[in-house]
Amino acid sequence: MRAYEYSVTPETVDLSGHSTVPSMCRSVINAIGHNIRREGCGVDVMKLSRRSWVLLRSAFEIDERPRLYDLFNILVWPAKGRSGLTYNRSVRITDAEGSEIGRATTEWCVVDLDTRKPVFPDLGLESSDVPVPCRSPRRLKDFLPDFSRIKEIGYSDCDFNGHLNNTHYIEMFYNLLPENVLSTGLFTRIDINFRHEVRRGDAVDFGMKKVSDEEYLFIARSGGSTLCQASLMTE
């Protein structure tokens with residue numbers, strides 16, 4: 001288990017002065033990337049063999065959002081995959097004093113950059129017996145949204161694979177939420193499933209459905225294919 005320190009910066013807070021949930025999720029993915037690189041399997045090394053990491057599913061739970069310039073730590077460790085074919089990383093988020101303010105679990109696979117198909121190399125990565133800190137990501141299904149917005153994917157939206165960055169999906173979904181949900185300081189859980197990749201220049205339809213006052217569903221589609229599904233639950 002390794003810890004990575006982060007600071008809440010002006011570009012990552014909302015009007016309340018607290019870190020946004022999307023920015024905290026982005027820091028989690030960033031810390032996982034650093035953790036994998038320390039084990040010798042970073043995206044730079046993987047690219048030399050024409051391979052890359054792809055995020056399949058993730059779940060984030062945020063209890064408390066730190067304020068501007070607060071320090072917080074993200075602890076990362078490898079967890080055992082449910083199928084043996086995925087590489088899992090678990091996370092605990094703590095404030096500067098060490099109190100837990102969030103957690104996450106993520107499921108990854110390796111793809112061949114030429115075929116875009118999964119491959120299963122022996123990377124020599126070890127798993128840990130430290131328990132996964134939250135429920136595994138929910139498997140979500142397609143649905144008809146209440147409304148949607150279309151966005152053309154631009155240069156700054158894309159990641160090292162040339163596709164829409166997985167953390168940007170959460171940002172796009174948050175742009176659909178009503179103000180009373182955005183301003184809440186209550187517990188938040190996000191489950192997200194990734195289905196297909198999308199490239200710069202493609203138009204993506206981001207849709208939302210309100211299930212209840214505590215739950216919202218999201219979907220991203222392009223060219224008749226579902227790219228991503230997500231759910232947000234608050235308490």
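Biologist: How many aromatic pairs does the structure hold?

Modeller: Seven. Rings of Phe, Tyr and Trp (its six-membered ring) pair if their centres lie within 6.5 Å; planes under 30 degrees apart are stacked, over 60 edge-to-face, and the rest tilted. Keep in mind that this is a predicted model, where local features need pLDDT of at least 70, side-chain atom pairs count only at pLDDT 80 or more, and totals for chains, interfaces and linings use all residues. Residues are numbered from 1 along each chain as its sequence is written, and side-chain values use heavy atoms, with hydrogens and water left out.

Biologist: Why is the pair of Phe173 and Phe206 called edge-to-face?

Modeller: Their centres are 5.9 Å apart and their planes make an angle of 75°. The distance is within 6.5 Å and the angle is over 60 degrees, so the pair counts as edge-to-face.

Biologist: What makes this pair a tie between parts apart in sequence?

Modeller: Phe173 sits in helix α3 and Phe206 in strand β9 (residues 203-212), so the pair links parts 33 residues apart in sequence. Helices (H or I, at least four residues) and strands (E, at least two) are DSSP runs, numbered from the N terminus.

Biologist: Why does Asn30 count as partly exposed?

Modeller: Buried means under 20% relative accessible area, exposed over 50%, and partly exposed in between (1.4 Å probe, protein chains only). Asn30 has 37% relative accessibility, so Asn30 falls in between. You'll find Asn30 in helix α1.

Biologist: What is the volume of the largest pocket, and what makes a pocket?

Modeller: About 940 Å³. Of its 40 lining residues, Trp53, Val54, Leu55, Trp108 and Asn166 are the closest to the centre. On a 1 Å grid over the protein atoms alone, a pocket is an open set of points where a 1.4 Å probe fits, with protein on both sides within 12 Å along at least five of seven lines; lining residues have an atom within 4 Å of a point. Grid points are joined across faces, edges and corners, and the volume is the space filled by probe spheres set on them.

Biologist: Which element gives the most to the lining of the largest pocket?

Modeller: That's α1, with eight residues. By class, the lining has 19 nonpolar, 12 polar and nine charged residues. Ala, Val, Leu, Ile, Met, Phe, Trp, Tyr, Cys and Pro count as nonpolar, Asp, Glu, Lys and Arg as charged, and the others, Gly among them, as polar.
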